[in-house]
Amino acid sequence: NPDFLVLDEPTAGIDPILRVTIWDQLRHARDVGKTLVITTQYVTEAEYCDHVLLIHQGDIIAAGSPNELRRGATGGDMLEIHFDTPRPDIALRMQDLPYVNAVEAGDRPETVRVTVDSISEDLPLLEEYCTLHEGGCSEITPYVPSFDDVFVRLVTQAEAEKESKTDGN
């Protein structure tokens with residue numbers, strides 16, 4: 001009954017049902033005060049942890065809670081705006097709004113994803129913008145990227161940073 005456990009890919013190569021059972025047991029161990037260090041090849045499992053170190057090519061490229069990593073990967077909080085019809089040029093119109101950090105296409109032509117500093121502060125501003133300048137929207141909802149997407153974004157950012165340092169910029 002150790003207080004500190006190191007587990008190297010405890011769910012590698014097992015079926016999804018058993019994987020859920022193992023993570024239930026790991027959460028229980030954490031909840032009763034055990035300290036767990038876990039490596040995983042399944043990026044989505046990192047989201048179950050309290051603190052994550054993302055290692056790429058031998059370097060730690062990100063560290064923090066899953067939420068902190070998500071915000072670091074996206075540059076803030078993300079919202080998905082749903083319109084009744086496609087808005088092909090909306091990203092160009094919205095990218096210059098002072099409270100918008102980034103704009104990207106959604107999964108459908110009538111959606112767009114917007115990154116802001118704070119959902120609570122910036123959601124009313126987006127609603128007002130959409131009403132006044134876009135003829136309204138059908139819905140604005142928080143968007144939580146998958147941890148696979150977070151991983152890809154963070155690795156891409158780290159590689160771009162590394163490349164810019166080697167280019168002398």
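How many nonpolar, polar and charged residues does the lining of the largest pocket have? The lining has 19 nonpolar, four polar and four charged residues. These values are computed from a predicted model.

**The largest pocket**

The largest pocket holds about 690 Å³ of space. Its lining is made up of 27 residues. Nearest the pocket centre lie Ile38, Cys49, His51, Val52 and Leu53. Several elements each give two or more residues to this lining: helix 1, strand 2 (35-39), helix 2, strand 3 and helix 6 (147-166). Strand 2 supplies the largest share, with five residues.

**The second largest pocket**

The second largest pocket has a volume of about 170 Å³. Asn67, Arg70, Arg71 and Thr74 are among its lining residues. Helix 3 (66-74), strand 5 (77-82) and strand 8 (139-143) each supply at least two residues. Helix 3 gives the most, four residues.

**An aromatic pair**

How many aromatic pairs does the count come to? The count comes to one. Trp23 and Tyr48 form this pair. Their ring centres are 5.0 Å apart, and 65 degrees lie between the planes. The pair is edge-to-face, because planes over 60 degrees apart count as such.

The pair links distant parts of the chain, with its two residues 25 residues apart. Trp23 belongs to helix 1 (residues 16-31). Tyr48 sits in the loop between helix 2 (43-46) and strand 3 (52-56).

Is Trp23 buried or exposed? Trp23 counts as buried, because its relative accessibility is 3% and the buried class means under 20%. Tyr48 has 39% relative accessibility, so Tyr48 counts as partly exposed.

**Charges over rings**

Two arginines are placed over tyrosine rings, as listed here.

| Charged residue | Ring | Distance to ring centre |
|---|---|---|
| Arg19 | Tyr42 | 4.3 Å |
| Arg113 | Tyr143 | 3.9 Å |

Arg19 lies over the face of Tyr42. In the other case, the charged end of Arg113 sits over the ring of Tyr143.

Methods. Residues are numbered from 1 along each chain as its sequence is written. This is a predicted model: local features need pLDDT of at least 70, side-chain atom pairs count only at pLDDT 80 or more; totals for chains, interfaces and linings use all residues. Side-chain values use heavy atoms; hydrogens and water are left out. Rings of Phe, Tyr and Trp (its six-membered ring) pair if their centres lie within 6.5 Å; planes under 30 degrees apart count as stacked, over 60 as edge-to-face and the rest as tilted. Buried means under 20% relative accessible area, exposed over 50%, partly exposed in between (1.4 Å probe, protein chains only). A charge sits over a ring if NZ of Lys or CZ of Arg is within 6 Å of the ring centre and within 35 degrees of the ring normal. On a 1 Å grid over the protein atoms alone, a cavity is a set of points where a 1.4 Å probe fits but cannot get out, and a pocket is an open set with protein on both sides within 12 Å along at least five of seven lines; lining residues have an atom within 4 Å of a point. Grid points are joined across faces, edges and corners, and a volume is the space filled by probe spheres set on the points. Ala, Val, Leu, Ile, Met, Phe, Trp, Tyr, Cys and Pro count as nonpolar, Asp, Glu, Lys and Arg as charged, and the others, Gly among them, as polar.
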